[in-house]
Amino acid sequence: MTNAKIVVLSGPSGVGKGTVHSMLRSANPDYELSVSVTTRAPRAEETEGVHYFYRTQEQFDRLIEEGAFAEYVRVYNNSYGTLKSELQRIVQSGKHVLLDIEFEGGLNIKKAFPEAVLIYLLPPSLEELKARIVKRGSETPETLQTRFGKAVAELEYAKLYDYVLVNQDVYLTAQRIEQIVQAEQCRAKDNLHLIESLKGGQKLC
Ligand code: 5GP
């Protein structure tokens, strides 16, 4: 594939980012998830190397010193970071890189890679968002309040993203992401070679 993209998917806790990128990856093998490093404990259904690389804070701090991260943040008393090695591995395979990261990391990725496509997922309503977080069942009343409060506050940052999508239907959201990426691949400034080839007498198809 030519013109592979770094695609950042962000959105409030419980909006369904995981379900959306799983759907997208199963529908289209040209997308691969960059697995982040975290210091938080694995949830029951999570697997090392699939959902995250689980590390201690000490190990995480060593990775920072080694310059291993393209970006990292501390949220909910835990650290999360995108490995440069993951980005390189996926880019080298020619696939689109999917990043499921929070807004601060997303904005830092955009600074480092201006061509990255930033997509922010919105819930259909705040009531629905709270219901989804409760349904996930991994929160205590305190962490639920923290996550929900942060979710509402951070909606403001969606305005800094390139695209927003309301995640009402996972299938449609995954489809829209593919469409956005397809449109991004058609940007004139990234396709000047096509115009030059055509002018030079070459057939494009
Ligand atoms: P969770 O603990 O629910 O898996 O993730 C909490 C938040 O951290 C989510 O918004 C998730 O997208 C974000 N996150 C996961 N990995 C990274 C990362 O590598 N960098 C940043 N900035 N955020 C991350």
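How many nonpolar, polar and charged residues does the shell around the ligand have? The close-ups below, taken from a predicted model, start with that count.

View 1. Sorted by class, the shell has 7 charged, 5 nonpolar and 4 polar residues. There are 16 residues around the ligand, and the ones that come nearest are Arg-40, Tyr-52, Glu-71, Tyr-80 and Asp-100.

**View 2. Zooming in on polar side chains and the ligand.** Arg-40 has a polar side-chain atom 2.6 Å from an oxygen atom of the ligand. Arg-43 also places a polar side-chain atom by a ligand oxygen, here at 2.9 Å. Now look at Glu-102: an N or O atom in its side chain is 2.7 Å from a nitrogen atom of the ligand. How much of the ligand does the protein bury? On its own, the ligand exposes 510 Å², and the protein buries 93% of that.

View 3. Where does the ligand sit? You'll find it in the largest pocket. Two elements each give two or more residues to the shell around the ligand: strand E5, covering 69–75, and strand E6, covering 78–83. Strand E6 provides the largest share, with 3 residues.

View 4. Across the whole structure, a search turns up 16 salt bridges. One of them joins the side chains of Asp-100 and Lys-17, with 3.6 Å from N to O. Asp-100 belongs to strand E7 (residues 96–100) and Lys-17 to helix H1 (residues 17–27), so this pair ties together parts that sit 83 residues apart in sequence.

Definitions and conventions
Residues numbered from 1 in each chain as written. Predicted model: local features only at pLDDT ≥ 70, side-chain atom pairs only at ≥ 80, totals over all residues. Heavy atoms only, no water. Near = heavy atom within 4 Å. Polar contact = N/O pair within 3.5 Å; in protein donor to acceptor, adjacent residues only side chain to side chain. Areas by Shrake-Rupley, 256 points an atom, 1.4 Å probe, with all protein chains shown as cover. 1 Å grid on protein atoms, 1.4 Å probe; cavity = no way out; pocket = protein on both sides within 12 Å on 5 of 7 lines; lining within 4 Å. Sits in = over half its atoms within 2 Å of the grid points. Helix = DSSP H or I, 4+ residues; strand = E, 2+ residues; numbered from the N terminus. Nonpolar A, V, L, I, M, F, W, Y, C, P; charged D, E, K, R; others polar. Salt bridge = Lys/Arg side-chain N within 4 Å of Asp/Glu carboxyl O.
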